[in-house]
Structure formats: C-alpha cells, structure tokens
Amino acid sequence: MADKESLELLKKDIKELLQRIVDQDDFECSIADEAIEKLNSLKLTKMAAAAAAAAAAAAAAAPVESGGDSGRKALVMPDEFRCPISGELMEDPVLLKTGQTYDRPFINKWFNKGHNTCPRTNEVLHDMTLTPNRSLRSMILKWCIDNKLELPKLTYEETVAHATESHLDELLNQLLSSSLSDQKLAAKELRQIAKWNHEFRSLFAKLPDSIERLLHPISVDHVNLHPDLQEDLITTVLNISLSGDNKKRLVENQLVLSLLIQSLQYGSSEAKANAAAAIFSLSLYQENKIAIGNAGAIKHLVGLLDEGHPVVMRDAASAIFTLCTASANKEKAVSSGVVVSVLRNITEGVLVDELVSVLALLSNNMKAISIMCKLNAVSCMLRVIRESTSQGVKENCISILDTISSTYRSKLKEIQEDENANGMISKLSRNGNSRAKRKATSVLEKLQRAGSITHTA
C-alpha cells in the first residue's frame with residue numbers, strides 16, 4: 001500500500017498518536033508502541049518506494065537475458081525484501097525490538113540456536129517478541145504480483161501470529177480500497193489465514209459488516225471481472241463457513257448466496273468447486289437447507305454434474321446430497337434434471353459411489369423413480385452391483401431396486417433375467433451388510449411371489 005493516499009493516511013495516524021503522547025502526562029505504553037510501529041511502517045514505505053524506483057531503473061538498464069524469453073530483462077529484487085540472514089525473499093517479515101526486520105523462520109532458527117542478540121546490530125535482546133511487519137509484507141506481495149511471481153504462503157505458525165481481530169479489521173478495510181492490487185493482497189492473505197486458523201474464522205462473527213466488507217470487491221455485477229480475486233474471496237467464504245458461528249450468518253446475508261450461485265455458473269473450475277464446497281458446508285446447518293434451495297442453488301449444482309471436472313463434480317454431488325436430506329429440496333433437484341445427470345455419469349463410470357448415494361436418497365420420490373425407470377436404471381444398478389467392491393454402493397443399489405420393484409412390478413422381469421444369469425441378488429442376501437441383506441431378501445420375495453424364479457437363500 002505504497003500509494004499516495006495510503007501514505008497520507010499513515011502520516012495522519014502518526015500525527016494523532018504523537019499528539020496524544022505530547023498532550024497526556026501519563027500516556028499508555030501501548031500508544032507509544034503503536035506510534036513506533038507506524039513510524040517503522042512509514043520508514044519502510046519510503047525505503048521500499050526508493051528501492052522500487054532503483055530496481056526499475058536497474059531493470060531498464062539491464063541486459064537482455066540470454067537463453068530466456070526474447071526481450072525479457074533481468075529482475076532485480078529490492079534489498080529491503082531480502083532477509084538479512086538467508087539473503088532470500090522474505091515470506092513472513094517480522095520486526096524485532098531493535099527495529100530490524102527478518103523472515104520469521106530464519107530468525108526463529110537463530111533464537112533456537114541459543115542466540116539472544118539481533119543478528120544485524122548484535123544488540124542484546126531482553127524481549128525477543130516478533131511483531132509481524134505487515135506493511136513490508138504487503139509491499140512484497142504487491143511486488144510479486146506486479147512481476148508475476150508466485151506469492152509467498154503463510155505457514156500454520158505464521159497464521160497464528162496474524163490471527164487477530166485488529167488484523168482482520170485491517171484486511172477487511174483494505175478490501176474497500178479503490179486499489180485493485182490492495183484488494184488482491186488482502187484477499188490472498190484472508191484466504192491463507194482462514195484456511196488454517198479456526199480462531200481467525202470465528203472472528204468474522206464478532207466484527208460488524210465483516211461479510212459485506214469481505215465481498216465488497218466482487219459485487220454481483222462484477223463477480224467475473226477478476227477471476228483470481230473471485231477465487232480467493234469465494235474460497236475465504238468456504239473457509240469461514242467451517243466455523244459453526246458463521247453458517248447461519250452467511251446464509252442470512254443475501255449477497256453470499258447470490259455470489260456463490262454466480263460462481264457456480266460463471267467461475268473458474270476452482271471457484272466453482274469451492275462455491276459448491278461452501279454450499280455443502282453451509283447446508284450442514286439444518287436451517288440453511290431450505291434457504292439455499294429457495295435461493296435457486298440446486299439447479300446450478302446439478303449443472304455442474306456435467307462439468308467434466310472431477311473435483312467440481314464431487315463437490316457438487318456432496319452439496320446436492322446434503323441439501324436433499326431436506327424433503328422440500330428433492331422435488332427441486334428432480335425438476336432440475338438431477339436423475340438424468342446422475343444416471344448418465346454412473347453409466348460412464350464417473351463418481352459412481354457418490355452419485356449412487358444421491359440416487360438412493362431420491363428413490364422415495366415418485367417422480368424420480370418414474371424417471372429412473374424410463375432411463376433404464378434397473379440394468380444400471382444391476383451392473384453396478386456386479387462390478388462394485390463397495391458394500392455401501394451395493395446396499396444403495398439394491399435399495400433402489402427394491403423401491404422400483406415395489407412401484408413398477410413390470411420391472412421384475414428384467415431383474416429376474418439378470419438374477420437367473422448372475423445370481424447377484426441371492427449372493428447379496430447372504431453376504432451383504434445388514435441393510436443390503438434385508439433389501440435383497442425383499443426383492444427376492446417379490447420375484448418368488450411373481451413366480452419368476454426359484455432360488456436358494
């Protein structure tokens with residue numbers, strides 16, 4: 001955040017803090033600490049700006065790299081971005097009480113070896129507290145983005161250090177910035193910290209307007225303008241939805257479901273998968289299921305079953321299954337063509353375990369059973385029973401056959417012919433799990449009553 005506006009805001013904050021120190025005879029030490037941190041940020045901002053200007057000048061004068069892309073010039077890293085210990089680009093810069101900045105893993109190694117001094121100044125440290133240098137990290141991330149480099153990722157240990165309410169508030173406010181690069185930096189860090197730190201996720205429930213601020217950069221009208229920003233923010237929604245405190249609040253915010261549905265329709269594969277996973281997570285809260293169904297998410301989840309991307313399809317299937325545990329959503333799923341898509345994929349051997357579960361869940365819906373019969377579900381289920389090694393899959397298949405044979409007795413002939421040829425239902429009645437045995441026995445009794453076959457149980 002090295003633009004002119006941010007610099008002026010930083011100066012204003014410093015001025016106010018210093019004025020409080022001057023005006024108060026007994027000012028709090030925390031005010032002095034905050035002023036020192038702001039002054040360090042100002043210093044680093046000025047140094048980085050000068051370094052960036054020098055780097056740009058050096059890059060312009062540098063010779064073209066041999067053996068590389070035509071016309072590409074050597075990239076010069078500002079010295080302020082290098083860790084004084086490792087000499088490499090800092091991933092998580094932290095400040096010592098001496099005002100020197102180091103990369104967290106390397107200064108920790110220094111301390112773990114028994115040192116109690118600042119490596120650069122040799123000053124003895126009576127307080128070895130490490131303070132995240134967020135201003136410098138923001139500048140490093142911006143430099144990486146500007147030069148199309150892979151962004152440094154936070155480790156679990158580092159996310160703990162960043163998981164504070166004040167830092168969350170700071171990042172959310174950064175998303176309100178008019179600077180796209182600032183928004184992308186904040187979104188990237190929010191995604192990383194929320195992925196690993198459950199305490200950070202729970203903070204969203206405590207801060208006012210946190211969800212609105214989080215999603216501000218991708219309004220419904222602009223959700224697809226910046227795919228990388230969309231991916232990071234939708235993934236952050238997924239990560240914070242893992243906290244029970246956030247599930248109800250997220251669904252009650254109409255913007256959340258609107259943006260998740262937009263991502264299901266038009267997002268990248270990653271955005272689609274994570275939007276589907278977020279809906280699955282949110283639907284684990286019973287009261288959310290109907291709201292999500294009424295918002296129109298189900299038909300778009302069903303559409304993803306024909307996406308062809310296995311991760312997207314698996315996340316969509318999980319979300320559909322969980323939503324359809326609410327009876328009101330089954331009709332919506334069936335009307336959206338879920339039976340057609342599920343049977344097509346099962347026939348092609350795609351996500352058989354997951355999709356057979358969906359089909360079994362829908363088998364108490366008369367419209368779904370009617371569609372299954374028209375689409376040769378009986379032969380499909382019999383084939384899966386023969387080929388699958390999963391007892392759970394076999395159980396679901398025989399459950400579907402039991403329901404079909406109870407409703408459409410004309411299908412008993414097809415079941416009979418397969419049983420005469422392969423005897424799989426008889427085997428399942430002996431060797432399946434307890435529910436599969438019951439369902440298989442039920443089917444065999446229907447066949448026996450119909451005089452179709454004679455079997456030995």
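Predicted model: local features only at pLDDT ≥ 70, side-chain atom pairs only at ≥ 80, totals over all residues.
Helices are taken here as DSSP runs of at least four residues, numbered from the N terminus.

One cavity of 30 Å³ or more is present in the structure. The volume of this largest cavity is about 40 Å³. Its lining is formed by Arg-134, Ser-138, His-167, Glu-170, Leu-171, Gln-174 and Glu-189. Two elements, helix 4 (134-146) and helix 6 (165-174), each contribute two or more residues to this lining. Helix 6 provides the largest share, with four residues. Sorted by class, the lining of the largest cavity comprises three charged residues, three polar residues and one nonpolar residue.

Helix 20, spanning residues 366-374, packs with helix 22, spanning residues 391-407, at an angle of about 95 degrees, and the two axes lie 11 Å apart. Because angles of 65 to 115 degrees count as roughly perpendicular, helix 20 is assigned as roughly perpendicular to helix 22. On the side of helix 20, the contact involves Met-366, Ile-369, Met-372 and Cys-373. Helix 22 contributes Ile-400, Thr-403, Ile-404 and Thr-407 to the contact. Of the residues in the contact of helix 20 with helix 22, six are nonpolar and two are polar, and none is charged. By contrast, the lining of the largest cavity includes three charged residues.

Definitions and conventions: Residues numbered from 1 in each chain as written. Heavy atoms only, no water. 1 Å grid on protein atoms, 1.4 Å probe; cavity = no way out; pocket = protein on both sides within 12 Å on 5 of 7 lines; lining within 4 Å. Points joined across faces, edges and corners; volume = space filled by probe spheres on them. Nonpolar A, V, L, I, M, F, W, Y, C, P; charged D, E, K, R; others polar. Axes fitted to C-alpha atoms, helices over the stretch in contact; angles between N-to-C directions. Parallel < 35°, antiparallel > 145°, perpendicular 65-115°, else oblique. Contact = heavy atoms within 4.5 Å.
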